[in-house]
Amino acid sequence: MSIAGLVLDDGLPAGYPLTVSWSKISGPGEVVFGDPTATNTTVSFSQGGIYVLQLSADDGLASAADEV
């Protein structure tokens, strides 16, 4: 399954890279992300159920996260 996130960076502070990461917050089984450091990636679940996933972003000065 494909998942897509959106992260915007204001460019401040200059010279600091923007890092993003997907993680599992809750759910009944294992979650594997194709590339957990990409906003758009694939995800697979070891078993059916309701899962909560989180996309986090950090630019060295500010950080934010949201769940799906």
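This is a predicted model: local features need pLDDT of at least 70, side-chain atom pairs count only at pLDDT 80 or more; totals for chains, interfaces and linings use all residues.

Me: What is the strand order in the open sheet of 3 strands?
Reply: Strand 1 (2-4) and strand 3 (31-33) are the edge strands, each pairing on one side only. Strand 1 is joined to strand 4 (residues 40-45), and strand 3 is joined to strand 4 as well. The pairing is antiparallel, and the order is 1-4-3.

Me: What does the twist average from one strand to the next in the sheet with order 1-4-3?
Reply: The sheet is open and its pairing is antiparallel. From one strand to the next, the average twist is 35°.

Me: Which residue in strand 4 stands opposite Ser2?
Reply: Strand 1 and strand 4 run antiparallel, with 3 bridges between them. Ala4 faces Asn40. Ser2 faces Thr42.

Me: Which residue is the bridge partner of Val32 in strand 4?
Reply: Strand 3 and strand 4 make a hairpin, with 6 residues between them. They run antiparallel and share 3 bridges. The partner of Val32 is Ser44.

Me: Which residue in the turn between strand 5 and strand 6 has a positive phi?
Reply: Strand 5 and strand 6 are joined by 5 bridges and run antiparallel. Ala57 stands opposite Ala64 in this pairing. The hairpin has 4 residues between its strands, and the phi of about 90° belongs to Gly60.

Me: Why does strand 6 lie largely in the open, and how many of its 5 residues are buried?
Reply: Buried means under 20% relative accessible area. None of the 5 residues of strand 6 is buried, so the strand lies largely in the open; the number is 0.

Me: Is Asp59 buried or exposed, and which side chain of opposite charge is nearest?
Reply: Asp59 sits in the loop between strand 5 (52-58) and strand 6 (63-67). Asp59 is buried but has no salt bridge. A salt bridge needs the nitrogen and the carboxyl oxygen within 4 Å. The nearest side chain of opposite charge is 28 Å away, and belongs to Lys24.

Me: Which backbone nitrogen does the side chain of Asp59 reach at 2.8 Å?
Reply: The cut-off for a polar contact is 3.5 Å. The Asp59 side chain reaches the backbone nitrogen of Leu61 at 2.9 Å. At 2.8 Å, the backbone nitrogen is that of Ala62.

Methods: Residues are numbered from 1 along each chain as its sequence is written. Side-chain values use heavy atoms; hydrogens and water are left out. Helices (H or I, at least four residues) and strands (E, at least two) are DSSP runs, numbered from the N terminus. Buried means under 20% relative accessible area, exposed over 50%, partly exposed in between (1.4 Å probe, protein chains only). Lys and Arg count as positive and Asp and Glu as negative; His and the chain ends are not counted. A polar contact is a pair of N or O atoms within 3.5 Å; within protein, one must be able to donate a hydrogen and the other to accept it, and residues adjacent in sequence count only if both atoms are side-chain atoms. Two strands pair if DSSP finds at least two bridges between them. Axes are lines fitted to C-alpha atoms, for helices over the stretch in contact, and angles run from 0 to 180 degrees between N-to-C directions.
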